[in-house]
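Here are a few exercises to work through with the structure open beside you. Try each task before you read its solution.

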Amino acid sequence: MTSGAILLTAGPILGGPSFDPLESLGFCSAIQRLVRTLQNCGVRHILLSSTSGKRAELEKHMARWGVLCQAVPGGASLSASLRFGLSSMAHTCDRLLVLAADIPFLAPSTVQALLGSDALLCRPLVDGAPGGIFSVDRRLFPTLMAEEDLPSPDAVSRACGLSFTDIPVADPGALPDARAKGLFPALLARSSRDASHVSLKLRLCRDRPFFGPGTAQLLSLIESTGSIRDACQQMGLSYSKGRHMIAVMEEELGIPIVLRQQGGHNGGAASLTEEGKMLILRFEQLESRCQALVQQAYREIFPEL
């Protein structure tokens, strides 16, 4: 199962107070802590939804983290972010997490519980209070994409005609009011104690490296937008750089991966060949298997960390 996340960075969001995602918490920022937790739990596609005024700063701050920073029309509201995120990720993700940047100490166990649930719509429950994150199954994507106004999780629930399945968790870091309750110092101590992890970045190589997480993201966006130029723009990538990445990949593989047509949106339409779609799928399978093996080896070799 491939999972994605829409991370709302403009506040106040999901009922919580206004929060600066770039705020330093220990040796990294709030948004970096949250993205790291999601990535370590296997969330592959992460959209950071921002306002137009914050996009450049956020993009620079998260450079090389393998996430998509996008200024979403509508001021990065829940409604606008959901529509944009689903249009970008609906064809690649089986489950989507929607969360705000005001829960930087979210526990990995909570993310794993949401991703492992069979419920169509679920959220964590901490001592009877809902967390600042919820999970949506792909079977609800068409319903949500058709809705114009989804200002809150409750509105999402009503649009889907479903109540949230509440998953009890012992994770105060999932609460959007954790800071207001004075929990951040203890949560920072917990995070610093448990933060040791191993990170692996894979690339496929022949004479040259030709495929990695960035290339996979570019191909996924080409397939969803129908445009190389739009895909590059969403990644903050120059058009010439994107075309060079595609050229190197196709030269090394010896087969076409991106189909180009004259005319269409922005002067030319684009889509993936069947080989291109399969390349993304197989690379994600390789990543999952390698990550599992590396995590197991890490626990065996560094049991004290």
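A residue is called buried when its relative accessible area is under 20%, exposed when that area is over 50%, and partly exposed in between. Keep in mind that the model is predicted.

**Exercise 1. Decide whether Asp 127 is buried or exposed, and describe its backbone.**

Step 1: Find the residue. Asp 127 sits in the loop that links β7 (121–126) to β8 (129–130).

Step 2: Apply the cut-off. The relative accessible area of Asp 127 is 81%, and the exposed class begins over 50%. Asp 127 is therefore exposed.

Step 3: Look at the backbone. Asp 127 has a phi near 50°, which is a positive value in a residue that is not glycine.

**Exercise 2. Identify which residues touch the most other members of the largest nonpolar core.**

Step 1: Name them. This core has 49 residues, and those touching the most other members are Leu 82, Val 156, Leu 219, Ile 222 and Val 258.

Step 2: Ask which element contributes the largest share. That is helix α3 (residues 78–89), with six residues.

Step 3: Zoom in on one member. Beyond its neighbours within four places in sequence, Leu 219 contacts Phe 211, Met 249, Ile 257, Val 258, Leu 272 and Ile 280.

Step 4: Look elsewhere. Another core, of 37 residues, lies apart from the largest one and includes Val 43, Cys 69, Ala 101 and Phe 184.

**Exercise 3. Find what Val 198 contacts beyond its neighbours within four places in sequence.**

Step 1: Locate Val 198 in the loop between α7 (184–194) and β11 (204–205).

Step 2: List the partners, which are Val 294, Gln 295 and Tyr 298.

Step 3: Check a distance. Val 198 and Gln 291 are 93 residues apart along the chain, and their C-alpha atoms are separated by 9.0 Å.

Conventions
Residues are numbered from 1 along each chain as its sequence is written. This is a predicted model: local features need pLDDT of at least 70, side-chain atom pairs count only at pLDDT 80 or more; totals for chains, interfaces and linings use all residues. Side-chain values use heavy atoms; hydrogens and water are left out. Helices (H or I, at least four residues) and strands (E, at least two) are DSSP runs, numbered from the N terminus. Contact means heavy atoms within 4.5 Å. A nonpolar core is a set of buried Ala, Val, Leu, Ile, Met, Phe, Trp, Tyr and Cys residues joined through side-chain atoms within 4.5 Å. Buried means under 20% relative accessible area, exposed over 50%, partly exposed in between (1.4 Å probe, protein chains only).
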